[in-house]
Amino acid sequence: MKSQKKRHLNKAICDLLTGGVSQREAARILKINPKTVVRKFRFAITTAKEELKGWNQKFQPCTEVEFDDLETFEHTKCKPLSVTLMVEYRTRRILGFEVAQMPAKGRIAAFARKKYGPRADHRSQARKKLFSEMRSFVSPTALIRSDSNPYYPKDVKRYFPKARHETILGGRGAIVGQGELKKLKWDPIFSLNHTCAMFRAHINRLFRKTWCTTKRADQLAGHIALYALLHNRRLATGKGGSS
């Protein structure tokens, strides 16, 4: 591309942005203009999700997978987002994900409706889109685990009619693992929860306490795809640890 005048910075910027560093801090470390980081980031995420699909096509269909939703927000906690994620059991290889808006819940729900109006819930559509794509990477007779969300069984049955679906009661979040790891002696969906914890540890906008918030859902999806691709490559080379 004509605009790629500093291609030698591409890898360094991607490594920083998937290592818990913000865009402004990446610019400071590399001693470049923050606008350059933004442009490089947007260039990298244009193909990241397709590259993730291409990477997963190298493997045999998975026989045991886990899925669930990770929650974050855009601009304010009154505008929450859901990231539906599916990973392979044991290996923690990320198979795919979808980002969707959802309405606020809990104590801020009434305030959010008053300030921003009703917010559509797109989680069901995102889950169906993900499951449709995952049929290429998951065996029709696979064992699929999730938490006990009442909306999950119907969609699993629709897209994986021959699969065995196990639901797990969720546990309380532990202090370690950004609250994604659970206070359980043995977590039945540890591979999924560990991956969610790594998302929160490596993507600055997903930190539990951060001022680097997402402004656009598509940019969050791109950032997750960028990290997921790096995550899978590290697992393949034996460098996919918890840090």
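## The largest nonpolar core

In this predicted model, the largest nonpolar core holds 36 residues, and L85, F97, V99, F199 and I224 are the ones that touch the most other members. Helix α8 gives the largest share, with seven residues.

Leaving aside residues up to four places away in sequence, V99 touches L81, S82 and V83, along with A217, L220, A221 and I224.

## A second core

There is also a separate core of 17 residues, and its members include F67, F131, F137 and A142. As background, nonpolar side chains tend to be buried together in soluble globular proteins.

## Where α2 meets α3

Now for a helix pair: α2 (residues 23-30) and α3 (residues 34-56) have axes that come within 8 Å and cross at roughly 115°. The crossing is right-handed. On the α2 side the contact is made by Q23, A26 and A27, and on the α3 side by P34, V37, V38 and F41. By type, the contact residues divide into six nonpolar, one polar and no charged.

## Two cysteines

How buried are C62 and C78? C62 has a relative accessible area of 1%, and C78 has one of 9%. Buried means under 20%, so both cysteines qualify as buried. As for disulfides, the count comes to zero, since the rule asks for a pair of cysteine sulfur atoms within 2.5 Å.

Conventions:
Residues numbered from 1 in each chain as written. Predicted model: local features only at pLDDT ≥ 70, side-chain atom pairs only at ≥ 80, totals over all residues. Heavy atoms only, no water. Axes fitted to C-alpha atoms, helices over the stretch in contact; angles between N-to-C directions. Helix = DSSP H or I, 4+ residues; strand = E, 2+ residues; numbered from the N terminus. Left-handed = near helix turned anticlockwise from the far one by under 90°. Contact = heavy atoms within 4.5 Å. Nonpolar A, V, L, I, M, F, W, Y, C, P; charged D, E, K, R; others polar. Buried < 20%, exposed > 50% of the residue type's maximum accessible area, 1.4 Å probe, protein only. Core = buried A, V, L, I, M, F, W, Y, C linked by side-chain atoms within 4.5 Å.
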